[in-house]
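Keep the viewer open as you read.

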Amino acid sequence: MGSVGAKEVPVLLNADGLRIDGRRLDELRPIQIRAGPLPQADGSAFVEWGQNKVMAAVYGPREVHPRHLQQSTKAVIQCRYNMAAFSVDERKRPGLDRRSQEISKVIAEAFESVVFAEEFPRTSIDVYIEVLQANAGTRCAGLVAASVALADAGIPMVDLLPAVAVGKIDNAIALDLKKEEDNFGQADLPMALVPQSGRLVLLQMEGHMTEPELAQALELGVGGCRVIHEKMKAALRERYSTAPLAAGAA
Ligand code: CDP
């Protein structure tokens with residue numbers, strides 16, 4: 001442990017360049033994605049990513065509530081990101097706080113740039129993200145889950161939206177921060193990528209990094225997003241693939 005002021009800062013990178021959970025700087029936490037776990041929703045997905053557990057459900061296109069949000073030329077995308085009271089070590093006050101509102105807004109805006117909303121005027125596409133267990137990177141896990149859930153609901157989109165946070169720990173750029181790295185690191189940079197065009201549709205930063213570090217972080221994050229994109233597609237393929245023909249069948 002080192003010490004900055006009164007705060008004890010753990011060593012985040014050991015002499016071998018490995019992180020507190022043994023990962024290399026460019027390594028993602030294990031990710032499992034399941035498409036369609038909630039049959040009552042139009043689309044759903046469950047994501048386990050490191051110690052994050054996130055459920056997403058999509059309803060729509062359907063009638064808009066509240067009605068004044070209705071748009072005559074396109075669907076409105078309404079997103080609600082919520083952290084369960086039991087999702088973090090110290091019990092979180094239930095309900096939508098400022099952080100949840102901000103995350104809901106940036107996720108909805110990210111989806112606005114990929115969903116063909118003009119195909120469904122005067123309707124709402126409602127995206128619910130429930131964080132059941134949180135360990136940093138939940139907005140990215142939420143985006144990944146919601147994106148697979150939107151595809152599961154059959155909502156037409158330019159592409160899926162993989163997302164990941166890159167950060168700076170002990171002066172090194174690292175992929176996919178876990179909680180201690182997020183808490184005690186020097187920067188956190190969540191991003192979401194449209195793989196087809198290479199466009200970033202969500203990019204936020206807390207902390208500080210130099211311009212070359214930022215370039216390195218973006219490159220690392222985009223590479224991570226492309227790996228996650230493959231896992232998202234595999235989850236959808238698994239849900240919709242039909243059983244293979246028995247050997248010898250025509
Ligand atoms: O989750 P994400 O990294 O997208 O957002 P954050 O605001 O940077 O939060 C980082 C982490 O802090 C969360 O994933 C939780 O593990 C934790 N957190 C918490 O313990 N209590 C809160 N009220 C908010 C966040």
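Which residues in H2 meet which residues in H4? On the H2 side they are Val144, Ser147, Val148, Ala151 and Asp152, and on the H4 side Ile228, Met232, Leu236, Arg239 and Tyr240. Sorted by type, the residues of this contact come out as 7 nonpolar, 1 polar and 2 charged. Bear in mind as you look around that this is a predicted model.

**How the two helices pack**

Two packed helices are described by the angle between their axes and the distance between the axes. Here, the axes of H2 (residues 138-152) and H4 come within 11 Å, and they cross at roughly 35 degrees. The crossing of H2 and H4 is right-handed.

**Salt bridges**

Side chains of opposite charge can pair when their charged atoms come close. In this model there are 17 salt bridges.

| Pair | N to O distance | Where the residues sit |
|---|---|---|
| Arg80 and Glu130 | 2.7 Å | strand S6 (residues 76-83) and strand S7 (residues 124-133) |
| Lys105 and Glu109 | 2.9 Å | helix H1 (residues 98-112) |
| Glu230 and Lys233 | 3.2 Å | helix H4 (residues 211-240) |

Arg80 counts as partly exposed because its relative accessibility is 33%. Glu130 is partly exposed too, at 23%.

Lys105 and Glu109 are 4 residues apart in H1, so about one helical turn separates them. Lys105 is exposed at 52% relative accessibility, whereas Glu109, at 38%, is partly exposed. In H4, Glu230 and Lys233 are 3 residues apart, again about one turn of the helix. Glu230 has a relative accessible area of 42%, so it counts as partly exposed; Lys233 also falls in the partly exposed class, at 29%.

Charged side chains also join up in a group: Arg19, Asp21, Arg23, Arg29, Asp176 and Glu181 are linked in a network of salt bridges.

**An aromatic pair**

How many aromatic pairs does the structure hold? There is 1. Tyr59 and Tyr128 make an edge-to-face pair, 6.0 Å from centre to centre with 80 degrees between the planes. It bridges distant parts of the chain, as Tyr59 is in strand S5 (residues 52-62) and Tyr128 is in strand S7, 69 residues apart. Tyr59 is partly exposed at 26% relative accessibility, and Tyr128 is partly exposed at 30%.

Is Val131 buried or exposed? Val131 is buried, because its relative accessibility is 0%, which is under the 20% cut-off. This valine is found in strand S7. Leaving aside neighbours within four places in sequence, Val131 is in contact with Lys53, Val54, Tyr81, Asn82, Met83, Ala84, Ser87 and Thr138. Take Tyr81 from that list: Val131 and Tyr81 are 50 residues apart in sequence, yet their C-alpha atoms are 7.7 Å apart.

Gly198 lies in the loop between strand S10 (187-194) and strand S11 (199-203). At 37% relative accessible area, Gly198 is partly exposed. With neighbours within four places left out, Gly198 has contacts with Leu193 and Arg226. Glu27 is 171 residues from Gly198 in sequence, and 21 Å from C-alpha to C-alpha.

**Backbone details worth a look**

Which peptide bonds are cis? One runs from Gly60 to Pro61, with omega near 0 degrees, and Pro61 is found in strand S5. Another joins His65 and Pro66, where omega is about -10 degrees; Pro66 is in the loop between S5 and S6.

Then there is the loop between strand S8 (163-169) and strand S9 (172-175), where you will find Asp170. Phi of Asp170 is positive, near 45 degrees, although the residue is not a glycine. Asn171 lies in the loop between S8 and S9 as well, and has a positive phi of about 70 degrees. Asp170 is partly exposed, with a relative accessible area of 34%, whereas Asn171 is exposed at 56%.

Key
Residues numbered from 1 in each chain as written. Heavy atoms only, no water. Salt bridge = Lys/Arg side-chain N within 4 Å of Asp/Glu carboxyl O. Helix = DSSP H or I, 4+ residues; strand = E, 2+ residues; numbered from the N terminus. Buried < 20%, exposed > 50% of the residue type's maximum accessible area, 1.4 Å probe, protein only. Phe/Tyr/Trp six-rings, centres within 6.5 Å; stacked < 30°, edge-to-face > 60°. Axes fitted to C-alpha atoms, helices over the stretch in contact; angles between N-to-C directions. Left-handed = near helix turned anticlockwise from the far one by under 90°. Contact = heavy atoms within 4.5 Å. Nonpolar A, V, L, I, M, F, W, Y, C, P; charged D, E, K, R; others polar.
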